Amino acid sequence: MASNWKNPFTIGDLIDPLADEGARNLWGVLKTQFGTRIFSGQSENADASAGNDRDKEFKYLKNLTGKTPAIRMFDFIFYTGQSPFDDQSIERAIDWATKGGIVSFQWHWRPTGIDDFYTD
């Protein structure tokens, strides 16, 4: 009996016919690697106390495994409200993508006038 355990899914095309070239290229890579490779990712340290060292986790993983995660998650936390801190996440995301990395963003909502975004 033939087993299809390795790839039991049908991988189709993107559902957005207007997807740009970057999205189509990324989908092509993910699609060809499906079932054979794992893409790892890591979220940056989004804490303002990290200062300019947003690479702490990436340096650790590179030293531990010899590899750098393909996916890097940035955070829009400091783009919400009136925080005077600008961690340059958009510029760093562009740099990551330019170097061939896959960009992901999360957005911790921080209402204007509230310093602690995890409130009751």
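Just after helix α3, G100 adopts a positive phi of about 100 degrees. The model is a predicted one. Helix α3 spans residues 89–98, and S89, A93 and W96 are buried in it. Viewed down the axis of α3, the buried residues fall within an arc of 60 degrees, so they line one face of the helix. I94 and T98 lie on the other side of α3 and are exposed. The cover over the buried residues of α3 includes α2 (56–65), β2 and β3 (102–106).

The chain as a whole contains three helices and three strands. Along the sequence they follow the pattern α-β-α-β-α-β. The chain has 120 residues, of which 16% count as buried. Among contacts with a separation of 6 or more, 54% come from residues 24 or more positions apart. The chain exposes about 9,100 Å². Carbon and sulfur atoms supply 56% of that area.

Strand β2 covers residues 71–75 and includes D75. D75 is buried but has no salt bridge. The nearest side chain of opposite charge belongs to R54, 8.4 Å away. The side chain of D75 does make a polar contact of 3.3 Å with that of Q106.

Across the whole structure, five salt bridges were found. E44 lies in the loop between β1 (41–43) and α2, whereas R72 is in strand β2, so the pair ties together parts that are 28 residues apart in sequence. Both E44 and R72 are buried.

A salt bridge also joins D13 and K31, with the closest N and O atoms 3.2 Å apart. This pair links distant parts of the chain. D13 sits in the segment before α1 (21–33), K31 sits in helix α1, and the two are 18 residues apart. D13 counts as exposed because its relative accessibility is 62%. K31 counts as partly exposed, at 31% relative accessibility.

D95 forms a salt bridge with K99, and their closest N and O atoms are 3.0 Å apart. At 38% relative accessibility, D95 counts as partly exposed. K99 has a relative accessible area of 65% and is therefore exposed. Elsewhere, salt bridges with shared partners join E44, D55, R72 and R92 into one network.

Note on methods:
Residues numbered from 1 in each chain as written. Predicted model: local features only at pLDDT ≥ 70, side-chain atom pairs only at ≥ 80, totals over all residues. Heavy atoms only, no water. Helix = DSSP H or I, 4+ residues; strand = E, 2+ residues; numbered from the N terminus. Buried < 20%, exposed > 50% of the residue type's maximum accessible area, 1.4 Å probe, protein only. Lys, Arg positive; Asp, Glu negative; His and termini not counted. Salt bridge = Lys/Arg side-chain N within 4 Å of Asp/Glu carboxyl O. Polar contact = N/O pair within 3.5 Å; in protein donor to acceptor, adjacent residues only side chain to side chain. Arc of directions from axis to C-beta. Contact = heavy atoms within 4.5 Å. Areas by Shrake-Rupley, 256 points an atom, 1.4 Å probe, with all protein chains shown as cover.
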